[in-house]
Amino acid sequence: MRIHEYQAKELFRRYNIHIPYGGIAFDPDEARSIARRIGSFPVVIKAQIHAGGRGKGGGVKLAESTDEVYSLTHGIIGTKIITSQTGPEGKLVRKVLVEENLEIDKELYLGIIIDRKTSKILIMASEEGGIDIEDETVAMSEKIIRLYIDPNMGIQPFHCREIAFDLKLTSSVWKQFVLMLQNLYRLFADYDCSLVEINPLVVTAKQSIIALDAKIEIDDNALFRHRGIIEYRDIEEEDPLEVEASRFNLSYIKMDGNVGNMVNGAGLAMATMDIIKLAGAAPANFLDVGGGTTIEMVEKGFGIILSDKDVKLVFINIFGGILRCDVLAKGVVQAAEKTDVNIPVVIRMNGTNIEEGRRILFESSFKPIYTADLKDAAQKISEFAGPGSMLGGERHKV
C-alpha cells in the first residue's frame, strides 16, 4: 500500500526524523492559513498524488505571499498532473502540502528496500539527490552506495557511519545522520515496509539533516498488524477496478493490454500472461482468484474483467483443484447472465468436476469458446486479439 508524502512525514515525525514545518490543505483558504502559521516566505506548495516527478509536472510551486498561496493552490487542486509515473491520463490533485522553504546546502538520496535476491535489507544512498536521480539511475549506477543489512542482526551504528563516510558528510552533520538512519531503518522494520525513500534528503545551510520529501510503501500482506495505517489508504488514488476487486479478496492488478485473464494460482497466472504475449497480444490484468474461491467471487472477478473497456478478449485458464471446475463455471455463467458479453471469452479448464463444469457452460445461454489445451487457446487468442486480429478496434459479439 502506497501512502501520501504528508502521511509518510507523519510517520517520520513519530521516529524523530526531521521534516519541514507545514501542513496539509484541501482548499485554498486552508493553504493560506497554513502559510500564515509558517510565518515566512517563500513557502512550497506540493501536490499530493501517488506519483513521483511532480515538480516537472507542475505540481510543486513556490509562493511569495499569502495571496499567491491562495491562487497557486486554486490552480493545482482540481487539476490533473501528468508525470512519467502517472501515464498520459494523469492524476487528479485533491490536496496540497504547504511547507516552509529551506535554504539547502546539499541534496542527498536515501532509500531502503527489500532485496529479494539476497533476502536482505538494502540501503541505497547517493551524494546526488533530487528530481533527476530516477531518470539518471543507469548513468549514475556507479555513484549509488549500496549496503546490505541482515534483518536478523538489524542495522548497527557502524553501518550508518559507513554510509555517512561514503556520502562525505562533515562532522557537523555526521551524528545527526547516524541517528536519523537508525530511526529510518526502525520505521521500515516496524511497519513492514517494502520501500522507504527520501529524495532529497538535505543538509541545510544551518547544517541540519531534513527529509525534504518522503515516500513509503507498506506490504499489503502485513496490514492486519497495522490497523491505524489502513486509515492512510486513499482509494481515490487507486484504480477503481483494483479497489472493487479488493472488496472481494481478489488479487487483481490492472495492466495495459487487451486480453483480460482469470486464473487460479500466481504461478499459473504468470504462465498465462506469457502465453498471451506469445500469441501476439498483451495481458490487460493479473487476476488470481485463488483456491478457496466461491461462486460469488468468480462472478465478481469475471464481471470486473468485462467492465474494463480496454479488454478485447477474456481468457479463463483454470486447473480445478481446491477451486472446482463446476464452481468456476457457475460463477462465470452467473456473471454472463447479468452482463451483455460482447467480446470473445476463451475458457480452458481441467481437473476436479471437469465434466460438470462443461455441462454448466454448454447448457447455459452464455456460449464461450471452449478449448481443451493451451496450444489451441493461444491460437484463439492470436486470432481474436493478436496482430491483425479480426477485432481491430471493434467489439465482437459472441
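Here is a quick tour of this protein, from its overall build down to single residues.

This is a predicted model, in which local features need pLDDT of at least 70 and side-chain atom pairs count only at pLDDT 80 or more, while totals for chains, interfaces and linings use all residues. Residues are numbered from 1 along each chain as its sequence is written, and side-chain values use heavy atoms, with hydrogens and water left out.

**The whole protein**

- The secondary structure comes to twelve helices and 18 strands; helices (H or I, at least four residues) and strands (E, at least two) are DSSP runs, numbered from the N terminus.
- Taken along the principal axes, the C-alpha atoms fill a box of roughly 75 × 50 × 40 Å.
- Of the 398 residues, 51% count as buried; buried means under 20% relative accessible area, exposed over 50%, and partly exposed in between, using a 1.4 Å probe and protein chains only.
- Among contacts with a separation of 6 or more, 68% come from residues 24 or more positions apart, where contact means heavy atoms within 4.5 Å.

- Four bridges link β2 (residues 43–47) with β3 in the antiparallel sense, and V44 sits opposite L62 in β3.

**Strand β8 and its partners**

- Six of the seven residues of β8 (residues 120–126) are buried, so the rest of the structure largely encloses this strand.
- On one pairing, β7 (residues 104–115) meets β8 in the antiparallel sense over seven bridges, with S126 in β8 as the bridge partner of Y109.
- The hairpin of β7 and β8 has four residues between the strands, and S119 takes a positive phi near 60° there.
- β8 is also joined by five bridges to β9 (residues 145–149), running antiparallel, and L122 stands opposite Y148 in β9.

**Helix α12**

- Buried in α12 are A377, K380, I381, F384 and A385.
- Seen down the axis, those buried residues fall within an arc of 105°, so they line one face of the helix; the arc is that of the directions from the helix axis to the C-beta atoms.
- Their cover includes β14 (259–263), α8 (266–278), β16 (313–320), β17 (345–351) and β18 (369–370).

**A look at E363**

- E363 is found in helix α11 (residues 354–363) and is exposed, with a relative accessible area of 58%.
- The C-alpha atoms of E363 and V333 are separated by 9.9 Å, though the two residues are 30 residues apart along the chain.

Terms used:
Two strands pair if DSSP finds at least two bridges between them.
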